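Subject: Structure handover

Hello,

Here is the structure you asked for, with my notes below it. Please open it alongside the text.

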Amino acid sequence: MPELPEVETTRRGIEPHINHQTINDVVVRNHALRWPIPKQLRQKIRKQQIQAVERRGKYLLIRLETGTVIIHLGMSGSLRICTVSTAAEKHDHVDFIFGNNKILRLRDPRRFGAVLWTAKDPATHKLLSSLGPEPLEDDFNGLYLFEHSRKRTASIKSVIMNSHIVVGVGNIYACESLFLAGINPKRKAGSLSLARCNKLVSAIKKVLAQSITQGGTTLRDFIRENGEPGYFAQKLLVYGRAGEPCAKCGSSIKQITQQQRSTFYCTQCQK
DNA sequence: AGTGCGGCCTGTCCGC
DNA sequence: TGCGGACAGGCCGCAC
């Protein structure tokens, strides 16, 4: 499910329900996520009040009094607010139970996600310490991408999807951004001019910002129950459209594989 | 240091 | 209807 817009939509959705609430209890039904959920999680976080609900890249940060719960939704994770009377289903692995009878419930069928605990500044955590800038912040700009792609022989698609260069650009939005910028996903990152880096960064910001806005439109329903963020309402121009006509030139959208991931692009419009 | 795989999992869909 | 295989929105860790 989650690329950055979905994670941010989730953050905005859960924050008003859980911020400043006290965690009464934690139930872990399955510890086996990408990394084991710490055995001491329950004892570490019980009776603590949530200080803030933040996001860094695709990591959600639940700030408590003595540390931070780090949550990653992986490929199939979702968080929803329900009540203590809502029966847990097959892949509901973790419940954070609050004093107001509400539960923050993590569902993750593929279990690529993570729930971790750190008592230190989460920015210094191994998983977060070497992350690149946030895509919507000003320190991610054309010059930054230009400088960080020099001498790189990897494809531009793999570079913008590299979280050590910029966080939050997943497979879908990488494809969409490259289409908007007219750049071939296979192009070597080091061969892009500064002007084209500027154009690509603008496209990434535009696509992500637009998507967050659309996620927001379905926020209520999302939190209420169905778990579907604004994702499918999203107007995707190339992703998942192999064989369909390009929105710009009408030629057939092509699907290839890069780094074991599907790439969709227009061979006419993207050079 | 940068690049490119393997692997972690379950669910779904498609062709036979 | 059942079965095998491909594929899925992420990303660390490891070889080279």
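Predicted model: local features only at pLDDT ≥ 70, side-chain atom pairs only at ≥ 80, totals over all residues.

**Strand 4 and its neighbours**

His72 pairs with Ala114, its bridge partner in strand 8. Strand 4 and strand 8 (residues 114-118) run antiparallel and are joined by 5 bridges. Strand 4 also pairs with strand 3 (residues 59-63), again antiparallel and again through 5 bridges. Strand 3 and strand 4 make a hairpin, with 4 residues between them. Is strand 4 (residues 68-72) mostly covered or mostly open? It is mostly covered: 4 of its 5 residues are buried.

**The largest pocket**

His72 turns up again here. Together with Lys58, Gly74, Met75 and Arg261, His72 lies nearest the centre of the largest pocket. In total, 35 residues line this pocket. Its volume is about 1,000 Å³. Which elements give two or more residues to the lining? They are helix 4 (156-160) and helix 5 (171-181). By class, the lining has 15 nonpolar, 14 polar and 6 charged residues.

Helix 5 is largely enclosed by the rest of the structure, because 10 of its 11 residues are buried. Among the buried ones are Asn171, Ile172, Tyr173, Ala174, Cys175 and Glu176. Ser177, Leu178, Phe179 and Ala181 are buried too. Gly182 follows helix 5 and has a positive phi, near 70°.

Now look at Val207, in helix 6 (residues 194-217). Which residues does Val207 touch, leaving aside those up to four places away in sequence? They are Tyr173, Glu176, Ser177 and Leu180. The C-alpha atoms of Val207 and Ala174 are 9.3 Å apart, although 33 residues separate the two along the chain. Val207 has 7% relative accessibility, so it counts as buried; the cut-off is under 20%.

An α-helix has 3.6 residues a turn, so residues three or four places apart point the same way.

Strand 1 and strand 6 (residues 92-98) run antiparallel and share 5 bridges. Within that pairing, Asp25 stands opposite Ile97 of strand 6.

The loop between helix 1 and strand 1 holds His20. Phi of His20 is positive, near 70°, in a residue other than glycine.

The loop between helix 3 (142-149) and helix 4 holds Ser155. Lys151 lies in the loop between helix 3 and helix 4 as well. Which of the two is buried, and which is exposed? Ser155 counts as buried because its relative accessibility is 8%. Lys151 is exposed, with a relative accessible area of 85%. Lys151 also has a positive phi of about 65°, although it is not a glycine.

Ser155 touches Pro185, Lys186, Arg187, Lys188 and Ala189, along with Gln258 and Gln259, not counting residues up to four places away in sequence. Gln259 takes a positive phi near 50° in the hairpin of strand 9 and strand 10, which has 2 residues between the strands. Strand 9 (residues 254-258) and strand 10 (residues 261-265) pair antiparallel over 5 bridges. In that pairing, Lys254 has Tyr265 of strand 10 as its bridge partner.

Best wishes

Note on methods: Residues numbered from 1 in each chain as written. Chains lettered and ligands numbered in written order. Heavy atoms only, no water. Buried < 20%, exposed > 50% of the residue type's maximum accessible area, 1.4 Å probe, protein only. Contact = heavy atoms within 4.5 Å. Pairing = 2+ DSSP bridges. 1 Å grid on protein atoms, 1.4 Å probe; cavity = no way out; pocket = protein on both sides within 12 Å on 5 of 7 lines; lining within 4 Å. Points joined across faces, edges and corners; volume = space filled by probe spheres on them. Nonpolar A, V, L, I, M, F, W, Y, C, P; charged D, E, K, R; others polar.
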